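Thanks for coming. I will go through one structure, beginning with a single residue and then moving out to the contact between chains.

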Amino acid sequence: MTFKTFLALAATLGLAGPAMAQDDPTKVGFIYVGPIGDGGWTYQHDQGRLALEEEFGDRVETVYQESVPEGADAERAITQMALGGADIIFTTSFGFGDATNAVAAKFPDVKFEHATGYKREHPNVSTYDARFYEGRAVLGTLAGYLTETNKIGYIGSFPIPENIQGINSSYLHARKINPDVEMVVTWAYTWFDPAKEADAARAMIDQGVDVILQHTDSTAPQAAAEEANANGGRVFTFGQASDMAEFKPEPRVASIIDNWAPYYIDRVGAVMDGTWKQQASWGGMPEGEVVIGEITDAVPAEAKAAAEEMIANISDGSYHPFTGPINKQDGSEWLAEGEVAEDGELAGMDFYVEGITGEIPN
Amino acid sequence: MDLSAISPTLLVASLMVAATPILLAALGEMVVEKAGVLNLGVEGMMIMGAVTGFVAAIETGSPWAGFLAAAIGGAAMALLFGLLTQVLLSNQVATGLALTLFGLGLSALIGQGYVGIKATSLGRIDLGALSDLPFVGRVVFGHDPIVYLSLLLVLGVWAFLRFTRAGLILRAVGESHDAAHALGYHVRRVRMLAIAFGGACAGLGGAYLSLVRVPQWTEGMTAGAGWIALAIVVFASWRAERVLVGAYLFGGITVLQLNLQTAGARVPVELLSAAPYLVTILVLVLISVRAGRGGAAPADLARPFHAST
């Protein structure tokens with residue numbers, strides 16, 4: 001056998017490969033930043049994975065790896081999954097961006113989907129995100145009604161645009177209800193560390209914050225608020241990423257839920273019928289990707305009505321949470337009267353709006 | 001920045017809560033090291049205590065049963081270490097490191113079905129009028145029982161080592177196991193008891209995290225607290241009262257860092273987090289300059305003992 005025939009043979013086998021593979025289930029991989037039992041972010045992604053299995057049954061096979069650190073090790077985990085024969089891999093945290101693109105360069109036949117990211121360096125990398133700031137607008141409205149100390153706390157994970165959108169959106173809408181409201185931001189520098197999140201929540205409560213929003217994934221801040229309430233406090237929280245229903249009716253008075261199932265089913269379906277294309281998806285409340293969980297009776301009826309009205313307006317597209325006039329922190333104009341923020345600007349948001357004190361760390 | 005927003009009362013109160021896990025673990029480890037054994041597995045014993053305590057509290061519905069189970073779980077891990085190092089004479093450093101890795105893995109396995117569940121926490125004790133006093137009421141009389149237990153333990157260990165005959169024997173075993181052996185003391189038995197006590201304390205510290213401070217179970221939730229406890233023992237130059245100071249210092253910096261951030265201070269978080277370790281290094285240098293060889297460490301620390309040698 002000459003070298004040429006060997007190549008020809010290899011090519012034939014190579015062509016035959018995909019044809020035979022059609023009978024195999026589509027293998028879908030998930031890289032999670034936390035444990036699937038975190039009761040928040042990763043839990044919701046895993047619910048999306050389970051929805052895939054339910055939707056496609058035997059035609060799909062899912063694998064996942066939990067608690068993958070954001071850093072060099074992520075690249076190893078993603079590579080391993082690609083080598084394991086995954087057809088599409090969802091990497092579900094902002095910090096996996098570089099690793100996802102690096103691995104994607106080595107596996108051009110595997111599709112990669114990076115959550116909450118913006119880097120699409122190769123044609124086989126898509127990014128997807130949810131417009132959490134739409135949900136934050138609703139929570140901010142509720143917070144404006146609920147606060148008596150006029151201090152609202154926001155436990156940030158990392159100073160990235162997604163967090164800053166959330167801080168700005170909740171502050172703007174709380175201020176609409178209560179002009180005296182003050183925003184206290186604490187950066188935890190982690191997505192998931194119950195001990196740290198609990199300490200951050202306690203520090204806020206100690207300083208008179210009575211409504212806490214969190215951008216970290218564990219239920220520890222809810223537990224800290226519950227403890228404070230048991231000792232005579234009056235603190236409210238919102239479920240983050242997941243419903244966190246076990247803290248109902250208070251301190252948890254509502255929640256912002258990520259629902260990834262529709263997106264996952266759509267994208268895996270596209271891989272199956274060969275129509276997958278690179279894209280940057282950014283769905284929100286209209287698409288059902290961001291959902292507000294049950295608003296409990298601990299909230300005044302008036303506040304609940306205002307929140308529900310806002311949900312309706314955002315969902316039907318008649319209201320955008322970033323509608324002018326809005327000034328930047330330094331007082332310069334960002335959006336003129338009636339002007340709506342552009343997606344590109346939101347995706348790279350790196351400034352606070354007017355009224356928020358403090359600086360965004362680098 | 002608005003520093004007036006930081007209430008000293010609440011700062012001290014939450015500092016005590018934040019420091020309690022490392023205080024318990026460090027106190028136990030100090031007794032172990034006083035007996036001449038270096039157990040680097042504190043982190044592993046803490047996390048085992050955290051998980052066994054949490055599981056027991058969920059299954060029985062009683063946080064007290066949880067703390068009891070945590071002490072037993074921590075002690076069981078410690079006795080495994082004791083068996084390997086004291087009976088089978090394995091290397092203490094390597095075995096201790098292995099114990100940490102083993103504990104982290106085993107606790108993750110045991111805790112699989114318990115992630116995200118809510119446990120009944122331990123309430124603060126209510127001393128009526130006393131708890132309502134300004135400052136003192138919250139700082140001295142407004143804690144949960146384990147905080148007081150940890151303080152009593154500090155006092156107990158201090159008195160035990162200083163005033164009792166048993167404490168003297170324990171110290172003798174740590175300073176010179178050959179001399180203690182020649183005098184007819186059971187070196188191995190003393191060390192095993194010290195190791196079990198250290199494990200029980202570490203277990204309690206871990207359970208305090210999973211049952212009071214957080215309170216829930218998550219994999220790897222001790223997040224290095226065991227290593228901090230080890231550093232505190234050295235920082236405290238093997239003295240109970242200084243362990244208390246060291247633990248509250250570490251706890252204080254943790255809490256202060258978040259409070260400063262919440263109040264809007266512009267201090268790099270990384271610098272504050274690193275501060276206790278920088279202090280430890282400084283203290284270590286000072287101690288070794290002053291005391292020459294080995295400093296205040298027990299003379300036979302981490303040296304294997306066999307009756308025939």
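**One residue, then the interface**

A:Ala223 counts as buried because 25 C-beta neighbours lie inside 10 Å; the cut-off for buried is 20 or more other C-beta atoms within 10 Å, with 12 or fewer called exposed, partly exposed in between, and C-beta atoms placed from the backbone. Before going on: this is a predicted model, where local features need pLDDT of at least 70, side-chain atom pairs count only at pLDDT 80 or more, and totals for chains, interfaces and linings use all residues. Residues are numbered from 1 along each chain as its sequence is written, while chains are lettered from A and ligands numbered from 1 in the order in which they are written.

A:Ala223 sits in helix 8 (residues 220-230) of chain A; helices are DSSP runs of H or I with at least four residues, numbered from the N terminus. Leaving aside neighbours within four places in sequence, A:Ala223 is in contact with A:Ala198, B:Val214, B:Pro215 and B:Gln216, contact being C-beta atoms, placed from the backbone, within 7 Å.

Now the contact between the chains. Chain B gives 30 residues and chain A gives 31 residues. On the side of chain B that touches chain A, the elements giving two or more residues are helix 1 (8-34), helix 9 (187-213) and helix 11 (240-262) of chain B. Helix 11 of chain B gives the most, with 6 residues.

Last, helix 3 of chain B. After this helix comes B:Leu89, which has a positive phi, near 55 degrees. That is all I have.

Notes. Contact = placed C-beta atoms within 7 Å.
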